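Subject: Structure for you to look at

Dear colleague,

I am passing on a structure for you to open beside this message.

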Amino acid sequence: MIMEYIKPEESIILNVLSASVDFTTCESIRMSQSVDKTGERTLAVVTKVDKAPEGLLEKVTADDVNIGLGYVCVRNRIGDETYEEARAIAHQLFETHPLLSKIDKSIVGIPVLAQKLVQIQATSIARNLPEIVKKINDRLNDCLNELNQMPRSLSSVAEAMTAFMQIIGCAKESLRKVLLRGEFDEYADDKKMHCTAPLVEMLNQYSDDLYRCVESDPKINFLMDEIKILEEAKGIALPNFLPRNAFLIILQSKVKGISSIPIGFVDQVWSYIEDVVISVLMKQSENYYQLQLSARRAGHNLMAKMKDRSIRWMMEIVEMEKLTDYTCDPEYVAEWNKLMAQQESFMNGVLHDENRPSTVAIEGIGEVEVAVLRHYPHQLAQAFDLKMRMTAYWKVVLRRFVDCMALHLQLSVSNLVNKEMEVEIVNELMGPYGGGIERMLEESPAVAVKREKLNKTSSLPPPPSPTPSISTVTVTITIDLHLHHHNHHLTIDLRLHLAPSPSSPNPAGLLDRLLGGAGDDGARSGEEGDVTEEMEEGVKGEQNKVFPHASVLFSRAKLPIWKRALPPRPQPANFRNRASLSFRCASASEARNVTTFTLPCFLVAYTLNRTYAINS
């Protein structure tokens with residue numbers, strides 16, 4: 001908790017130490033040093049000095065722990081002492097104690113601590129104010145940009161319909177890009193939305209699954225299924241004709257064996273497309289909660305319909321392949337002739353080779369087991385012919401499964417994006433559970449709260465700008481120190497000579513505000529103005545003091561800090577451009593000896609409603 005408050009660079013760390021502890025081993029010192037290594041933000045307050053005065057002077061002057069803002073030694077209030085009594089006792093202690101009186105009076109006492117804190121805080125504000133103003137302005141601009149990017153609140157059915165058509169149009173265009181044209185600039189960092197590549201990968205995997213399945217391997221049980229089917233399909237017919245029903249039986253068995261692969265692919269590809277479509281619809285309608293509900297339901301319903309339609313279409317393809325053995329592809333005949341050219345050598349290797357090899361190589365198929373085939377010499381030739389016909393035709397069947405699926409997929413996605421999605425969403429929105437287009441007029445609670453919060457933030461008045469950017473008024477301030485001093489009081493008369501630009505507003509009133517005077521309501525005209533202050537004479541002093549009534553920073557040489565500033569004296573009506581500041585000095589002699597002050601330059605931004613004075 002402590003670290004959270006002392007870590008920011010804008011924070012001033014007030015490190016309270018007991019005079020009795022060793023500063024170098026103090027835990028609070030280690031904590032402050034961990035976030036302020038140079039000590040420029042740390043002020044140490046040494047308490048209970050009356051309890052452990054021994055060695056205190058050496059501790060605060062040696063500064064072994066690098067306290068950048070210095071030390072202030074104080075005595076704690078005890079029991080029922082009033083604040084006035086405690087201050088009087090502390091003053092007496094630091095004046096008379098043999099050890100504590102040696103400590104510089106500029107670092108002892110509660111008043112000194114309060115004064116130091118005021119000075120440190122003023123310096124910190126002057127240093128950090130520009131950055132704070134910049135952060136506020138940046139935050140305000142971010143809120144305004146966010147508010148401008150939010151959809152405007154819909155107030156009529158016509159506006160709701162217009163917004164609805166825009167959302168549908170944007171969703172359709174996004175889906176065309178990612179699903180059809182392969183453009184993914186909208187989702188450059190989301191690989192899931194680069195849809196054309198994943199669809200091609202899934203299609204290639206589908207093709208590989210078809211070609212690698214058991215039904216597509218011609219070496220498994222080579223010729224045994226064909227011999228069995230031929231035995232069962234024998235009839236009264238010419239011996240050199242292959243029965244067509246035998247070919248169809250084998251074909252149907254193989255197609256049935258692979259039918260689950262296309263169905264699985266359809267389910268996989270439409271599940272992926274469903275995720276993409278829902279993501280796009282949710283993104284485009286994110287600002288309209290009621291529309292999102294209908295769009296999500298419509299998306300899921302439409303994907304279920306598309307998936308069911310593709311599965312039914314795929315089942316029809318499977319049934320067509322079972323029913324008819326046909327192709328016009330000339331590669332079928334060429335492939336069959338190439339395989340049949342090896343029939344004679346195959347028959348010799350199985351039936352007439354004296355070495356009776358267990359395997360025979362067939363080009364286009366590979367090494368096949370032939371030992372068991374020697375038991376069926378009469379059916380071997382027909383079985384070989386049937387096998388080669390099926391091998392050549394099966395390639396055509398697999399190619400049709402892949403090509404038709406690719407074409408069907410492209411057509412289905414195109415219809416989905418260009419025709420069916422919009423109709424489905426409209427039907428869902430206008431249906432009994434959609435609530436109609438009027439539901440879009442209702443903002444979601446989250447959007448309403450966000451809009452209200454941004455409106456409140458953006459309606460706050462802008463913070464003061466640390467740099468003026470308007471016309472110029474030149475102000476020369478002459479300090480006359482020879483007019484009034486009485487006892488401990490010194491009255492400084494400031495006679496202000498103005499050289500305003502023609503468009504500057506009320507320069508006298510502006511300076512009255514700057515100096516803390518009552519001001520004059522006369523001479524108000526023109527636009528906003530800037531002030532440049534010039535000192536005719538002055539020397540820089542060693543110490544600074546902020547006088548709250550003057551709102552300016554004075555410096556002077558070799559004088560102790562004033563104890564307090566008195567309010568400005570009332571001015572005669574004929575001294576509009578003149579103001580007086582009264583200060584109490586430490587002694588009457590000091591008041592008489594003051595000869596020169598330096599009034600540092602200030603930047604003053606004046607608007608019609610407020611004046612800001614910023615130390616330069």
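Asn66 counts as partly exposed, because its relative accessibility is 38%. This residue lies in the loop between H3 and E3, and its phi angle is near 60 degrees, which is a positive value in a residue other than glycine. Please keep in mind throughout that this is a predicted model.

A positive phi also turns up at Arg356, where the angle is near 45 degrees, and again the residue is one other than glycine. Arg356 is found in the loop that runs between helix H13 (343-352) and strand E4 (359-362), and with a relative accessibility of 53% it counts as exposed, since the cut-off for that word is over 50%.

Next come the charged pairs. Side chains of opposite charge can pair when their charged atoms come close. A search of the whole structure finds 25 salt bridges, and I describe some of them here.

In one of them, Arg75 pairs with Asp50, and the closest N and O atoms are 3.8 Å apart. Arg75 sits in the loop between strand E3 (71-73) and helix H4 (83-96), while Asp50 sits in the loop between strand E2 (42-47) and helix H3 (56-62), so this pair ties together parts that are 25 residues apart in sequence. Arg75 is buried, with a relative accessible area of 11%, whereas Asp50, at 25%, counts as partly exposed.

Another salt bridge joins Lys305 to Glu424, with 3.1 Å between the closest N and O atoms. Because Lys305 belongs to helix H11 (residues 289-323) and Glu424 to helix H14, the pair ties together parts that are 119 residues apart in sequence. Lys305 is partly exposed, with a relative accessible area of 43%, but Glu424 is buried, with a value of 13%.

Now to the pockets: which residues lie nearest the centre of the second largest pocket? They are Val214, Glu215, Asp217, Lys254 and Lys387, out of 23 residues that line this pocket. The elements that give two or more residues to its lining are helix H8 (224-232), helix H9 (244-258) and helix H14 (380-430), and H14 gives the most, with six residues. Sorted by class, the lining of the second largest pocket holds ten nonpolar, five polar and eight charged residues, and the space in this pocket is about 460 Å³.

Finally, please look at the surface around Leu14, Val16 and Leu117, which form a nonpolar patch with about 230 Å² of accessible area together. Leu14 has its place in strand E1 (residues 13-18), and it is partly exposed, with a relative accessible area of 41%.

With best wishes

Note on methods
Residues numbered from 1 in each chain as written. Predicted model: local features only at pLDDT ≥ 70, side-chain atom pairs only at ≥ 80, totals over all residues. Heavy atoms only, no water. Patch = residues over 30% accessible without salt bridge, like charges linked within 9 Å, V, L, I, M, F, W, Y side chains within 5 Å. Areas by Shrake-Rupley, 256 points an atom, 1.4 Å probe, with all protein chains shown as cover. Salt bridge = Lys/Arg side-chain N within 4 Å of Asp/Glu carboxyl O. Helix = DSSP H or I, 4+ residues; strand = E, 2+ residues; numbered from the N terminus. Buried < 20%, exposed > 50% of the residue type's maximum accessible area, 1.4 Å probe, protein only. 1 Å grid on protein atoms, 1.4 Å probe; cavity = no way out; pocket = protein on both sides within 12 Å on 5 of 7 lines; lining within 4 Å. Points joined across faces, edges and corners; volume = space filled by probe spheres on them. Nonpolar A, V, L, I, M, F, W, Y, C, P; charged D, E, K, R; others polar.
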